[in-house]
Amino acid sequence: MSAQKQLKVNPIACVGHGACAELLPEMISLDEWGYPLLDPRPVPAALERQARRAVGGCPVLALRLARLTQPQPAA
Amino acid sequence: MSGIAASTLPWYVSRATGVVALLLLTAVMLIGILINRQGRLPGLPRFAVTNLHRNLSLMAVVFIVIHVVTAVLDGYVSIPLISGVIPFTSHYEGFWLGLGAVSFDLMLALIVTSLVRGRMSQRLWKAVHWLAYASWPVAFAHSIGSSSDLQGGLLLGLAVLCAAALAAALVWRLVRMAREVPRAQRVGAVMNTLAHRRPGPDTTGRHLVEADRR
Amino acid sequence: MSARPGPASWAPGSGPRPGGLPRLLPPGPGQPESLGAHFGRLGHLPYRNAPRQLIPELEAAGLTGRGGAGFPVHRKLAAVASAGGRPVVVGNGAESEPASSKDVALLWLAPHLVLDGLQLTAEAVGARQACLYVHEADHGPLGDRLRQALSERWAAQVDRVPVQLASAPARFLAGQETAMVSLLNGGEAIPSYAPPRVFERGVGGAPTLVQNVETLAHIALIARFGPGWFRQLGTAAEPGSMLCTLHHADGSTQVTEAALGTPLSALLAPDLAPGQNLPPSPAFPAGPANPRRPTSRAQAVLIGGYHGAWLPADRAAHLTLDNAALRAGGGFLGAGVIAALPAGRCGLAETARVVRYLALESAGQCGPCLNGLPRIAGGLAELAGPRPGPQVRADVERWAGLVSGRGACAHPDGSVRFVRSALTVFAAELRQHANGRCPATTTKPFLPLPDPATGHHSNGSRR
């Protein structure tokens, strides 16, 4: 049984290209400035392949599929 | 030495695939230079642009492989297969074919690193990708120098058009980069833009001004 | 005679034990303490002569970071000590929050206490390199003072690990952990995106321990007098004392040390009239607009600095200086900045001024922060003026939601906390502004902000 995955974006690398929202509209939408709003829930197994395509489709590799963790305290 | 009188099929295929490869590579370079940040090709979804860039480069590799193999198979001049990747090992037109091998090697580096991009340092990937700016001119020189095909007529015009398109794209990109607001001044630029847009509240928030984009 | 005491010369109980307060700041008329006076008052530097020894003592003491995040100190040290490689220790004295001056005061008055803490922490994690990061250390009297203190210690062979003094630029984000590491690595003082966290890979790629200078001072005292002594003040959950920067309603600023759990009404004694047995009321601050409330000099209290939260004065009067009480009341302790907004000022105007500064201090790296904070600042400026448009309040709320949690650092999150608390606490003012009226009697600015030209604060006080 594989670990639960969560969508994460590197906000510094992200320039609002928007390919991710086109490839995974079920979990990614764009805010009014073109930056991704990610669904924080774990990626369901049925969407995992599409999620990987979305990760690969980002031209700056800002999108990641990370293992689900608890939110960290901010530094 | 220039011009080959023998009209054997492999030789024609080699020349044809060479021309197509040059066109494909030009298209790949154009997409890479022009489509940056939030740009897109009209009519195509955003994710299609990155896919196009990737797929065209893979197609170019296929065409180049055919281009090299058919040139080797055509027995009229002796070209060892290895000279496709090891530069300057062919007896026939050693120098110009060598350039082709150099360009192809650089291309392979770009493509292999891009295929394993997720597992390597981003800085290294970017550095290797910059080699594209070396690979295309070398490929261009190879195209012009190794056969009389591109040295006159329609094909020369095509080659010149490719070079001109790339040069124009580069200039456009450099001008855009020069106009880009440096990071430290970005938020100030956004605030200035917003200040000039008032009076009247921003009801929809959908006004996307150039300065707001990075 | 060696100036490095071995284990035999240190024992609990030796040397004078500071009884109550102050613990950190030396007694006396605020003169910087020399090395000799420092050791005379507190005893020599009690090195443990082995790594990690100090960590269980810090755990027993329950010391948490005094830089604002309040993270348990022993856990940070343990993480860095276990990370492998040659760690680096950095004392963060950048204090880029404009309303805070406790770190600067501590470094000026008791530099040797901070430097003791730096050495002890370096020993505990096995570091061979230490750094002290101070606002504009390259020029100015504080940098000179610290350089003098460091050379005095090195000459007397007190320090075992060499300490480098690094200069923090005058930017709000300069004290942020990853921004600081970025600067120390030769880049700009702007945040980077974790992973990796700095305790794994920081300065020069080494595991890096970052501690606020006040935390280091507490470590130096716990090492001398023990965890039991440390717990004599404060609460069971939040032990010890802390430095606070108090901005009184009359405009005076004071750095003071207080035990955790001290009632805010005691700290801000003239501003929050003590002994008021009034039920807490969320929305109506005291002031000329509401004459039935007895006047206290403050209408609202800002706790936690510019990433903190506003509280109504009468709620603040019932709260104590600890996170447990403050969080329940909607507040946040942070780095101990407490400002009492006098009656007669417009809380919205003050907030709008500060948020404009916060927006301009964005690093501009992340799309949501870059686009959202300036819009929020503009919206607040409109809400602080007469008759703002009907959609502005809703727009600000929407942008606040879009900005929080979507940057590489906590700058948008903290700014949004500050903004939301203002919209709650000054709700009455919002309604009055919508009708074209404002209960304020003066537009003189109260909260301090750096003047971009001179670096002085806009309320006249010097940083």
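Author: What follows is a set of questions about helices, a sheet and chain contacts. Keep in mind that this is a predicted model.

Reader: Start with chain C. What makes up its secondary structure?

Author: Chain C has 16 helices and 9 strands. Of its 463 residues, 54% count as buried. Buried here asks for 20 or more other C-beta atoms within 10 Å of the residue's own.

Reader: What does chain A consist of?

Author: Chain A comes to 2 helices and 4 strands. From the N terminus on, they run β-α-β-β-α-β. The chain has 75 residues, and 36% of them count as buried. Among its contacts between residues at least 6 apart in sequence, 59% join residues at least 24 apart.

Reader: Now two helices of chain C. Why are α12(C) and α15(C) called roughly antiparallel?

Author: α12(C) covers residues 347-360 and α15(C) covers residues 411-425. Their axes cross at roughly 170°. Angles over 145 degrees count as roughly antiparallel. So α12(C) and α15(C) are roughly antiparallel to each other. Their axes come within 10 Å, and the crossing is left-handed.

Reader: Which residues make the contact between α12(C) and α15(C)?

Author: α12(C) brings Gly347(C), Leu348(C), Thr351(C), Val355(C) and Leu358(C). α15(C) brings Ser415(C), Val419(C), Ala422(C) and Val425(C). By class, this contact has 6 nonpolar residues, 3 polar and no charged. Gly counts as polar in this scheme.

Reader: What makes the contact of α5(C) with α6(C)?

Author: Pro111(C), His112(C) and Leu115(C) of α5(C) meet Arg145(C), Leu146(C), Ala149(C) and Arg153(C) of α6(C). The classes here are 4 nonpolar, 1 polar and 2 charged.

Reader: On to the sheet in chain C. In what order do its strands lie?

Author: The order is β3-β2-β1-β4. This is an open sheet of 4 strands with parallel pairing.

Reader: Why are β3 and β4 of chain C said to stand at the edges?

Author: β3 (163-168) and β4 (208-212) each have a single partner strand, so one side of each is left without a neighbour in the sheet. Neighbouring strands are turned by 25° against each other on average, direction ignored.

Reader: How do you know that β1(C) and β4(C) pair?

Author: Pairing needs at least two bridges. β1(C), residues 88-93, and β4(C) share 5 bridges, in the parallel sense. Therefore they count as a pair. For Val89(C), the bridge partner in β4(C) is Leu209(C).

Reader: Which helices are described as packing on this sheet, and what do they touch?

Author: α6(C), residues 141-155, touches β2 (129-135) and β3 of chain C. Its direction makes about 175° with that of β3(C). α7(C) touches β1, β2, β3 and β4 of chain C. The direction of α7(C) makes about 120° with that of β4(C).

Reader: How many residues form the contact between chain C and chain A?

Author: Chain C gives 16 residues and chain A gives 11. On the chain C side, α7 (177-184) and α13 (367-383) are the elements that give two or more. α13(C) gives the most, with 3 residues. By class, this side has 8 nonpolar, 5 polar and 3 charged residues.

Reader: And what makes up the contact between chain C and chain B?

Author: There are 16 residues from chain C and 14 from chain B. α12, α13 and α14 (392-403) of chain C each supply at least two residues of the chain C side. The largest share, 7 residues, comes from α13(C). By class, the side of chain C that touches chain B has 5 nonpolar, 8 polar and 3 charged residues.

Key: Residues numbered from 1 in each chain as written. Chains lettered and ligands numbered in written order. Predicted model: local features only at pLDDT ≥ 70, side-chain atom pairs only at ≥ 80, totals over all residues. Contact = placed C-beta atoms within 7 Å. Axes fitted to C-alpha atoms, helices over the stretch in contact; angles between N-to-C directions. Parallel < 35°, antiparallel > 145°, perpendicular 65-115°, else oblique. Left-handed = near helix turned anticlockwise from the far one by under 90°. Buried ≥ 20, exposed ≤ 12 C-beta atoms within 10 Å, placed from the backbone.
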